[in-house]
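Grab the model in your viewer and work through these exercises with a pencil at hand. Try each task before you read its solution.

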Amino acid sequence: MSSLAVLCEGLVHVYGAAGEEVTALRGVDFEVSDGETVALLGPSGAGKSTLLWLLAGLMRPTAGVVEVYGRSLATLTRAQASSMRLRDVGVVLQTPARNLLSYETAMGNVLFAQRPTRRPRRAKRRRAEALLDAVGLGAAAHRRAGRLSGGEQQRLAVAVALANGPRLLLADEPTSQLDRDSARAVLELVAAANRDLGTTVVAVTHDPDVGVALGRTVTIRDGRVGAEGRAGEEYVVVGRDGTVQLPDDVLEILPPGSLAEARRTAEGVELLPVDRRYP
Ligand SMILES: Nc1ncnc2c1ncn2[C@@H]1O[C@H](COP(=O)(O)OP(=O)(O)OP(=O)(O)O)[C@@H](O)[C@H]1O
Ligand SMILES: [Mg+2]
C-alpha cells in the first residue's frame, strides 16, 4: 500500500473543441503524502484550478495519471466520482456559491453534507454547530446560503467540505474573500482537521500566510510544476523533458529568449548569459 494521497504523472489537460484548444496543464508531476499539507501557488491562468478539478474527479484529464489514495480518477464514472467527494474528498471550489445549496440554510448545508454518515441526527447537528461556530457563522446558522455575503459563503463552504472529516481536502483560494481574522479562523479549522483526523490538504492560494501555514509550497506556472518550497526555501524543479522554470530574480539577468551557456561546476550547474550580438 502506498502512503500517497495524491499522485499525478505527466498530467495534461486541454480545454475546448478542436481548433480552439487551450492547454491548461502540460505535463504535471505532483505527489502529496498522506497527512501532508500543501499550498499550490502560481500566477493567474497557470492551471491551479484545473489541477484541483482533476483531483476532485470533476473532470477527466486529457492524458496522464491522476490518482487519489491509489485510485485512478481517469476512468471513474460520474457516480463514483461524486461518491468519492461525498465520503473521502472535501472540495471547496474557487467560486464560493458553487459549493452550496443556495436555498438551504447554512446549518442545512452542513447537515446535507453529512448525509452519507451514519451518525445520529443529533450528532450531525452538534457537528454542524461546532463547524459553523469555528468559522464564525454560529449566528448565521439559520440564514439561507444564497443570502450570505461572498466571504460568509466561503467560510460556509469550508465547513461543508470538512463536515465528514475527509481524508483529503481540496480547497481553491479558501480565504480569498476573507479579512485576516476570518482567514485565520478558517486556517485553524483546516489545521485542526489535519492534526486531529490526519486530513491531507491541498489548497490553492495567493495568500502568503496560507502558504507559510501549510509548510510545503508547489508553484505552477504555465501548466507545469515550476518550483517547490519547504520551510521558506524555494527550489526549481527539473521537468521530465529537462526544462526548468527560472525564478523571477534570475529572469532579470536571463530574460525569456536569451541564450545561456549551461556549464557543470564542482558544486552543480552555472548558467552564463551569452551576448547574442557576438555569438
Ligand atoms: N472551461 C474552460 N474552457 C476553456 N479554457 C479554460 C476553462 N477553464 C480554464 N481555462 C483556461 O485554462 C487555463 C488555466 O486556467 P485555471 O482556471 O486552471 O487557472 P488558475 O491557475 O486557477 O487561475 P486563477 O488564479 O486566475 O484562478 C487558463 O488559460 C484558462 O483560461
Ligand atoms: Mg483558479
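**Exercise 1. Which strands make up the four-stranded open sheet, in what order, and which are its edges?**

Step 1. In this predicted model, the four strands line up as β2-β1-β4-β5, with antiparallel pairing. Strands here are DSSP runs of E with at least two residues, helices are runs of H or I with at least four, and both are numbered from the N terminus. Two strands pair if DSSP finds at least two bridges between them.

Step 2. Look for strands that pair on one side only: those are β2 and β5 (71-72), the edges.

A note on ground rules before going on. Residues count from 1 along each chain as its sequence is written, while chains are lettered from A and ligands numbered from 1 in the order in which they are written. Because the model is predicted, local features need pLDDT of at least 70 and side-chain atom pairs count only at pLDDT 80 or more, totals for chains, interfaces and linings use all residues, and side-chain values use heavy atoms, with hydrogens and water left out.

**Exercise 2. Walk through the pairings of this sheet: how many bridges join β1 to β2, β1 to β4, and β4 to β5?**

Step 1. Start with β1 and β2, an antiparallel pair with nine bridges. Here His13 sits opposite Leu25 of β2. The two strands form a hairpin with six residues between them, and Gly16 in the turn has a positive phi of about 90°.

Step 2. Move to β1 and β4, antiparallel again, this time over five bridges. Cys8 has Val66 in β4 as its bridge partner.

Step 3. Finish with β4 (residues 63-68) and β5, joined antiparallel by two bridges. Val68 faces Arg71 in β5.

**Exercise 3. Which strands of this sheet does α1 touch, and what angle does its direction make with that of β1?**

α1 packs on the sheet and touches β1 (4-15), β2 and β4; the angle with β1 is about 120°. Contact means heavy atoms within 4.5 Å. Axes are lines fitted to C-alpha atoms, for helices over the stretch in contact, and angles run from 0 to 180 degrees between N-to-C directions.

**Exercise 4. Which residues are closest to ligand 1, and which elements give two or more residues to its shell?**

Step 1. The shell holds 13 residues, the closest being Ser44, Gly45, Lys48, Ser49 and Thr50. A residue is near the ligand if one of its heavy atoms lies within 4 Å of it.

Step 2. Check the polar contacts (pairs of N or O atoms within 3.5 Å). Oxygen atoms of ligand 1 lie 2.6 Å from a polar side-chain atom of Ser44, 2.8 Å from a side-chain N or O atom of Ser49, and 2.9 Å from one of Gln94.

Step 3. Assign the elements: β2 (22-33) and α1 (48-55) each give two or more residues, and α1 has the largest share, three.

**Exercise 5. In what order do the strands of the seven-stranded sheet run, and where does α5 pack?**

Step 1. The order is β6-β7-β8-β3-β9-β10-β11, an open sheet with mixed pairing. Its edges are β6 (89-92) and β11 (233-236).

Step 2. α5 (residues 150-161) packs on this sheet, touching β6 and β7 (168-172), and its direction makes about 170° with that of β6.

Step 3. At the other end, β10 (residues 224-230) and β11 run antiparallel with four bridges, and Gly229 stands opposite Glu234.

Methods. A polar contact is a pair of N or O atoms within 3.5 Å; within protein, one must be able to donate a hydrogen and the other to accept it, and residues adjacent in sequence count only if both atoms are side-chain atoms.
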